[in-house]
Amino acid sequence: MASIPAILLKQRNWAPYAILAGIMVALFVATALSSTYLAHHLGDPAYVTGYTLFGFMVFLIIFNIRKRLSMLPIFKVRWWTPLHVASGILVIALFWLHTGTLWPGGLYEQAIAIIFYLVSLSGLYGYMVLRVYPGWLTQTGIEVIYEEVPAIVADYREEAERLILECTKETRSDTLARYYTETLDWFFRRPHFIINHLLGGRKGIHWVNQHISTARRYLNDTEREYLDKLNDLASKKNRIDFHFAIQSMMKLWLLFHVPVSVALFLLSLWHLLLVNVYSL
């Protein structure tokens, strides 16, 4: 499984990113020069940076609407993600240009800053999620419907318990049954090693291999045959756990990013209205 940095750097076509980066840099420079010009001619540079910042924030919200209206022939799909990424980075730069600091003063402005940084960080993380996780899921070699994971885990647990009972009856020994109760029963109860799966680690399969290897030393030949079947079942269950962890994050990320984006838009809109009212 490829590492996260390697996947992020492996981009088939950098042309859209390079072109849009150049455009965004030009827009930032133009905004900065305009605000400097106003500052030297008794104007308020915050109006230029503020309206430009708000305009791009509106654009980024439109992006989420666009994804749900794929039938509209607005640009090619391959341009939308680079455009969203480039615009998001530009918005961060414009925010710092507008505030003149990483952390503004004033309670309301600080509230906006907190939401802004949450949106920015979740957006950057979301880009990683969309670039890395689909490829990881494909490498598992299986397809799993997220809503069916609890039922699949329950089926694996029932199959594991059936193997243990069958082994106990055939061998008239409870060695494997006792070991299963003390260790592997925990593993088959629900998805485990969630954080490690999200990081692309292999702690789950290493845990299974370690306990299977330990149990093998205390079993006879017949019991080892059942242990091998249990090992195959645990390996399959580990891949289900991996799918559960990755798909959960892909869903939870969007459920977090979209609401905080809307909250940022509403706070910014109210801020814009207050600035215009007090300027009258």
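Helix α7 passes α9 in a left-handed crossing, a term used where the near helix is turned anticlockwise from the far one by less than a right angle; helices here are DSSP runs (H or I, at least four residues), numbered from the N terminus. The contact, meaning heavy atoms within 4.5 Å, is made by Y179, T183, L184, W186 and F187 of α7 together with W207, V208, H211, I212, T214 and A215 of α9. These residues divide into eight nonpolar, three polar and no charged, where Ala, Val, Leu, Ile, Met, Phe, Trp, Tyr, Cys and Pro count as nonpolar, Asp, Glu, Lys and Arg as charged, and the others, Gly among them, as polar.

This is a predicted model, in which local features need pLDDT of at least 70 and side-chain atom pairs count only at pLDDT 80 or more, while totals for chains, interfaces and linings use all residues. Residues are numbered from 1 along each chain as its sequence is written, and side-chain values use heavy atoms, with hydrogens and water left out.

On α7 (residues 175-189) there is also a contact with α6 (residues 149-171), and the axes of the two come within 11 Å and cross at roughly 175°, the axes being lines fitted to C-alpha atoms over the stretch in contact and the angles running from 0 to 180 degrees between N-to-C directions. The two helices are therefore roughly antiparallel to each other, the word for angles over 145 degrees. By class, the contact of α6 with α7 has nine nonpolar, one polar and four charged residues.

Helix α5 bends by about 30° at V129, the bend being the angle between axes fitted to the seven residues ending there and the seven starting there. G141, which follows α5, has a positive phi, near 80°.

Conventions:
Angles under 35 degrees count as roughly parallel, over 145 as roughly antiparallel, 65 to 115 as roughly perpendicular and the rest as oblique.
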